[in-house]
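Trainee: I want to check the labels on this model against their cut-offs. Can we go through them one by one?

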Amino acid sequence: MAEEAKSSQNPKGTLTVPVPVPVPVPAAARGGDRDFLLHLEAYLARRDGVDKLLKISRYAAKIVLSTSLPSEALAPRLKAFESSVGLSRKAFRLGKFVQDVNAFRSASAAGASPSSVDLLLAAVAYGGEGLYYFVEQFVWLSKAGLIPSHHSRRLQKISAWAELVGYLGSISLKAKELRKIRFLLESKVRGTKSSEDEEEIRKLRVKLLLKQLSIVQDLADGLMALGDVSDGKGFLSNPLLMASAGLLSALISTHKNWTAC
């Protein structure tokens, strides 16, 4: 005990109190701007994050292929790259239909008390998209060679129709949500102003912008689905138009996923 007491004293016999050494705290832990590499790691850990990067790569290659820029030697390599990325995206979305099942369960939950119209639109949106992702798994297996290739054409047609129906329901749902957000924003702007009101108005404006971008994304994807259903006839046969719509959708989705993670 005497030795322990001496160990806590300095040579003059006074007690010494250890001074804690400050440890650097990452910006993310302090609540400030998140470190870019940490943010990038979180983004790439998301299935949708990687999928949208692949989507950007694919439709950027399609845009280049739709022009006269690539040489005769480069064009076949770009085409092979675009096809490979398209197949990789199908494999990367295995089981993704489950999120639509869960989304519909949440929308139709008893606590949410949705109207019959909202419930119908949710069934169309999530049911169509869920069926699309489910059938796409078999399209991938067909293109990978596990399922006979003669089934691929029919599976792709079913997939395209399901995707188109899903986007129709999704756009209708988001249009209703957009009207609600705009009405709430206008009522807040007309009301009394305080610091809390200003912050809520700012958040509503950001939410409104994201919802508008989401509708633009669905319209772009819906245009491509319509092209698949109609076998690219008429103006939908323009490869530059279709590739531009795909790239626009990919960029909007990438922005949403980046801000969400």
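What follows takes each label, its cut-off and the computed value in turn.

Mentor: This is a predicted model: local features need pLDDT of at least 70, side-chain atom pairs count only at pLDDT 80 or more, and totals for chains, interfaces and linings use all residues. Residues are numbered from 1 along each chain as its sequence is written, and side-chain values use heavy atoms, with hydrogens and water left out.

Trainee: What makes up the secondary structure of the protein chain?

Mentor: The protein chain has 10 helices and 0 strands. Both are DSSP runs, numbered from the N terminus: helices are H or I with at least four residues, strands are E with at least two.

Trainee: Why does Y132 count as buried?

Mentor: Buried means under 20% relative accessible area, exposed over 50%, partly exposed in between (1.4 Å probe, protein chains only). Y132 has 9% relative accessibility, so Y132 counts as buried. Y133 has 8%, so Y133 is buried too. Over the protein chain, buried residues make up 30% of the 261 residues.

Trainee: Why is the pair of Y132 and Y133 called tilted?

Mentor: Rings of Phe, Tyr and Trp (its six-membered ring) pair if their centres lie within 6.5 Å; planes under 30 degrees apart count as stacked, over 60 as edge-to-face and the rest as tilted. The Y132 and Y133 centres are 5.1 Å apart, with planes at 50 degrees, so the pair is tilted.

Trainee: And why is the pair of F134 and F138 edge-to-face?

Mentor: Their centres are 5.4 Å apart and their planes stand at 70 degrees, so the pair is edge-to-face. Both residues lie in helix α7 (residues 116-144), 4 residues apart, about one turn of the helix. F134 is partly exposed at 36%. F138 is partly exposed at 32%.

Trainee: How many aromatic pairs does the structure hold?

Mentor: The structure holds 5 aromatic pairs. Ring pairs also link F36, Y43 and W258 into a cluster.

Trainee: What makes R58 sit over the ring of Y59?

Mentor: The test asks for NZ of Lys or CZ of Arg within 6 Å of the ring centre and within 35 degrees of the ring normal. The charged end of R58 is 5.6 Å from the centre of the Y59 ring, and sits over that ring.

Trainee: Is S159 buried or exposed?

Mentor: S159 is buried, with a relative accessible area of 3%. S159 is found in helix α8 (residues 152-190). Leaving aside neighbours within four places in sequence, S159 is in contact (heavy atoms within 4.5 Å) with Y132, V135 and E136.
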